[in-house]
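Hi everyone, thanks for making time today.

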2 protein chains.
Amino acid sequence: VVKREVVQLITPGTVMEGNMLDEKENNYLASISQFDLDTFVLTYNDLSTGENSAAIIETGWERVVSELFNRPIKEIVIAKDLPEAFQQDLMERLQVTLSFAENTEISSELTQLVDHLTDSRLKQGFARLYHYIQSTQQRALDHLKPVQFIELNEYMMLDMYSKRNLELTETIMKKGKQGSLLWVLDQTVTAMGARKLKKWLERPLLNHRLLDQRYQIVEGFMEDFMSREAVRETLKSIYDLERLAGRVAFGNVNGRDLLQLKNSLEKVPQLLSILLACNQKEINNLAKTIDPIQELKTLLENSLEQDPPLTIKEGGIIKTGFHEQLDEYRDAAKNGKQWIAELEQQEKKATNIKSLKIGYNRVFGYYIEVTKANLHLLPEGKYERKQTLTNAERYITPELKEKESLILTAQEKSVDLEYRLFLELREQVKAYIPQLQHLADQISEIDVYQGFATISEQQAYVRPTFNKNRSIAIVKGRHPVVEKVMKDGMYVPNDVTMNESTDMLLITGPNMSGKSTYMRQLALITIMAQIGCFVPCESASLPVFDKIFTRIGAADDLVAGQSTFMVEMLEANHALTNATENSLILLDEIGRGTSTYDGMALAQAIIEYVHDQVGAKTLFSTHYHELTALEETLSNLKNIHVRAEEFEGRVVFLHQIQSGAADESYGIHVAKLAALPEPLIDRATIILKELEEKQGKEKKAEVI
Amino acid sequence: VVKREVVQLITPGTVMEGNMLDEKENNYLASISQFDLDTFVLTYNDLSTGENSAAIIETGWERVVSELFNRPIKEIVIAKDLPEAFQQDLMERLQVTLSFAENTEISSELTQLVDHLTDSRLKQGFARLYHYIQSTQQRALDHLKPVQFIELNEYMMLDMYSKRNLELTETIMKKGKQGSLLWVLDQTVTAMGARKLKKWLERPLLNHRLLDQRYQIVEGFMEDFMSREAVRETLKSIYDLERLAGRVAFGNVNGRDLLQLKNSLEKVPQLLSILLACNQKEINNLAKTIDPIQELKTLLENSLEQDPPLTIKEGGIIKTGFHEQLDEYRDAAKNGKQWIAELEQQEKKATNIKSLKIGYNRVFGYYIEVTKANLHLLPEGKYERKQTLTNAERYITPELKEKESLILTAQEKSVDLEYRLFLELREQVKAYIPQLQHLADQISEIDVYQGFATISEQQAYVRPTFNKNRSIAIVKGRHPVVEKVMKDGMYVPNDVTMNESTDMLLITGPNMSGKSTYMRQLALITIMAQIGCFVPCESASLPVFDKIFTRIGAADDLVAGQSTFMVEMLEANHALTNATENSLILLDEIGRGTSTYDGMALAQAIIEYVHDQVGAKTLFSTHYHELTALEETLSNLKNIHVRAEEFEGRVVFLHQIQSGAADESYGIHVAKLAALPEPLIDRATIILKELEEKQGKEKKAEVI
């Protein structure tokens, strides 16, 4: 019977190395398993780092897509009978590869990875993923970490639209990191750190205590510039331990990889001593929990040569002194060669042929070469002729051959032994994989912290505080990305003030005046605060938000034949049915896509609904100036507007938010500046007055 | 005294050949001369074709920019004291190179080009341009055509925004031809034709008679498929005569260029005979005016070799039989060579050396070569040894040298003479430049006509008619570009009906429903009609529009710190102060950028102003549903809307325009479909009703 060898498959989600793998990004393979209409189990695996995780979603498909969106997922494993519409959705909205695996039986190799999970659905979900990995990989999976259960309720919920609209990790237009929040915040030094930061951005925290702990550390690094710089310098010499662990498990590391591992481990004590010397308890505590894996370091120091080759089968990896037998073989080979060098001298002297030399080739092994002119000087019988060249003859002698055999055997044995020793060493390293993964995790956290401190110092961010009375007090807040790309001192900061009894800000003001920057700014500041970073403002007191919903601009998500307005309504509905009083909602010009009264009626009804039924903190921008009257009837709503001024015949936006409604006659004022015919302006003014009177309002004329 | 040689400069506007020159585009150098606040003279020159033209603008700077925009202008010559703001404008909005020339004196070389112009300002403007060309070029400018005065009043006026918004020659997003009207209409075969078409698109006509003449010809080509195909086939063999004429003037044509000229001229009689055989009088008439320049053709036929080389100094260009002396030289050379061939035979026979041969090299000229083995066969004294090789000796004889001198002299003289003859020929061709330019012009027109016929047949365009009672009646009109990129049969055609007493259509309907396509469609159809092309519809009766103004979408023209709304107002003002009752105005959601009542008041005032004061045919789209009430007070305004229908829980746009106002509760309806909470929908419905009642209107609920 011929044993059929199953070929290892490389799929988008199981790439282990090379160009397809971005070192600053995780490369997830995910699985989706549906249990009932609204219940799904998601599992993730990053084969390059060994990370495994799983989550349960019980609130429907849209949440599944939001959860998957913006994570670097390359491939999703699903059951063939996952509804066609869902499959379509995954391909169109997430643009991933779909693969199929039906097996959700928990096999014996899985036990150790899932034993701690209590919900059998999680086990089934992970089994689907694991079976797929096993059938494609056909190799050791020793580095896989136990499945981490992601309790989604412990993290802020951000739907897909918000993640995209807020440009957390990539911009909408160019789809690149440049210009995103991640781009500003990523001051990490290691690839592990960059990946960790991205993970944190995907899941802002809800827990005060954890956040305070993060702030303490960031603050520690901020206040101690020298230590921070020393940490950064040390981190630069630390290799990607996380992915290295994966490659150790797969058995595709060479001597150089282990050398880099050794060099990295040698840096850890230095890192620890810097951290322990910091004047910040949380940093000291963090350092105390770090195991520098001295044993492994010593093992590698004792075993590895200084400059091993790329190949692992030609020796040169194992250090002299590490293994007695190996040293003996090496001595034998070395001594043999010495003996031959001496033989050459002896023969020269004995024959008096100065040009006599001993050489080596693969066919004849070692030989003595004598030029034809000198042949007569050779004694009879002692030499056996082996090869004739144009101008020389090559000979061997029995003792030469004896020594040769000794040398070659020793060399061969040495290389063989070295290879065996290397494999043993690799196996020994394998045993340290969990410790290595843990160390990698801690180092990448430190990297993220120092990065937060670095950017916070650079951009003058401050530590936010959290309050439990649902009030927002941001003094001179800035948009972290806009501020970064603008020229120095050009950015106009703005306060956000919403106390316990203010749940809604209704923002009026013309287009391009900065309304949407103001809204995004609040969302980004809260997200930064909830991942443990300092925030761009002079001071900030914030509630911990459980969810953020946004409906801002960007009409690029059109489903064929469906209107922007439909999309707008779907998103609005998503927000107001899922938000709680602890959520943040940003709605930008809802209703704009339909006729005025129709849109105005909807906008008002939505405002009232959010105000009365939901109670979430809400920023609502609008052109429906009439809605500002709601301030009188809705007790928790306040009007604010963007200030505009006339400057040399142009209207200039100062990007300054002020309380109260915007001047309603901005448009007519601009029309005047644009020199529209006077009768037309007069007529427009009369019409505006009539409209306002009909609306039953009294407005004073303002100068903008 | 050393004569300082002035180097010829290549500037963006004076490129003559190579990669920088697009064969399907003119390459204009322009000049601007300001005479008073609002008066400017523009001049154009295309150095590659010799075209010169000039126009006077007396209506201010904006008109200058509009006039320059969208022509392929690479460089503009101005006075140093042209106001800084204007210079800025040119660079930012047109992105051209600015060059400076102050001299506006009319020099003597100019006389023949400008003598026919009556306005001295035109002469001064052109003098500025000419002095710049002269100082950069330093070469013959014989091909420059007399300056053509462009009477701007004879053409439809299209401002810069309209040209861009309507995407006549390039798209807004990608800045490419693909997707523009030009892209659809360009079915020309020659580069001259492509350039001519673009020129026509830049300047639609106002003259009924001229347009009817164009239609006749297009119709003739449409109805006679065989002739049209024959014309296309013939045009393919016709070279770019226009640019060739320019290169003749500059003296940088070679034998091959003239050969291509000859080949092209040989095709002209064939073209004429096809045209004359057409069953269309206008085509016959056109053909009758064409001078095929037989004389030049005959001259070239008689003088040019079949396959001249690229160089012009090594002979091989002039045909045998064209010049007696040349023929003699050539005979002499040829005979000499014959004599030498015969000599070789004789010597072989005389010496009985079979391997004897006569050769030639640059150092010794002709020689007799004998191998060393045969040297003994040579008679004494007859041969003079010249060179010794390893195995042979080389000799000369007096008679060989004599013949040699004869041959070389003849060859040298032949080449010299040929070069002289070629230069003479080129000079002779130069004399035909005006005729060639005229012929090129006529051929490129024919190319445009056949192109119109080709696209009209392909896309089923029809011949429009013009009326003098300002009414528009387009039956089943289509947008030529959208139709082309859509799948077959998907495009939904729409009528446009505006009789004498309908000046305005107020279009309501939600976003994405096709309002702006409908508006653009009308503009494109009128432009196509006024360049002489057939139009995409079943039938069209149109007035001749003197100007088109558009304010449609696209917010990419922001001046820093200035709002979209300001730009909107500036454009609106531009339209309503410049439009006449014979103009077409398209206004898309004017007022959208400011608060509702403010924007609504302005929109209404603008509508009223256009309706009462301007009387231009106007399409006005809006979300201000309340404006539909104006139908009752403004006698010449009609409401139309875009039909939308519910289909499987989605709102689908049928892109069908119908009379009457759109249903105002579209938004609420969509909100219902998007499953917003029922109380919210109920509340929105109540608010809408209240708003409507306050507005004092009675509306019946409609099902969309």
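This is a predicted model: local features need pLDDT of at least 70, side-chain atom pairs count only at pLDDT 80 or more; totals for chains, interfaces and linings use all residues.

Let's begin in chain A, with helix α22, residues 666-673, and helix α23, residues 678-694. How do their axes cross? They come within 10 Å and cross at roughly 175°. Angles over 145 degrees count as roughly antiparallel, so α22(A) is roughly antiparallel to α23(A). If you want to find the contact on your screen, look for A:I668, A:A671 and A:K672 on the α22(A) side. From α23(A), the partners are A:I681, A:A684, A:T685 and A:L688. And what sort of residues are these? Five are nonpolar, one is polar and one is charged.

Now over to chain B for another helix pair. Here we have α8, residues 208-223, and α12, residues 281-288, whose axes come within 8 Å and cross at roughly 105°. An angle from 65 to 115 degrees counts as roughly perpendicular, so that is how α8(B) is placed relative to α12(B). On α8(B), the contact involves B:Q213, B:Q216, B:I217, B:G220 and B:F221. On α12(B), B:E282, B:I283 and B:L286 take part. Sorted by class, this contact has four nonpolar residues, three polar ones and one charged one.

As a quick reminder, strands of a sheet pair through backbone hydrogen bonds, either parallel or antiparallel.

Staying in chain B, there is an open sheet of four strands, in the order β12-β16-β13-β14, and its pairing is mixed. Which strands stand at the edges? They are β12, residues 465-466, and β14, residues 494-498; each has a single partner strand, so one side of each has no neighbour in the sheet. Let's zoom in on β14(B): it runs antiparallel to β13(B), residues 472-477, and four bridges join the two. For a landmark there, find B:A473, which sits opposite B:T497 of β14(B).

Finally, back to chain A, where four strands form an open sheet in the order β12-β16-β13-β14, with mixed pairing. Its edge strands are β12 (465-466) and β14 (494-498), each pairing on one side only. This time, let's look at the β12(A) end. There, β12(A) pairs with β16(A), residues 539-542, in the parallel sense, over two bridges. Your landmark here is A:T465, which stands opposite A:S541 in β16(A).

Key. Residues are numbered from 1 along each chain as its sequence is written. Chains are lettered from A and ligands numbered from 1 in the order in which they are written. Side-chain values use heavy atoms; hydrogens and water are left out. Axes are lines fitted to C-alpha atoms, for helices over the stretch in contact, and angles run from 0 to 180 degrees between N-to-C directions. Angles under 35 degrees count as roughly parallel, over 145 as roughly antiparallel, 65 to 115 as roughly perpendicular and the rest as oblique. Contact means heavy atoms within 4.5 Å. Ala, Val, Leu, Ile, Met, Phe, Trp, Tyr, Cys and Pro count as nonpolar, Asp, Glu, Lys and Arg as charged, and the others, Gly among them, as polar. Two strands pair if DSSP finds at least two bridges between them.
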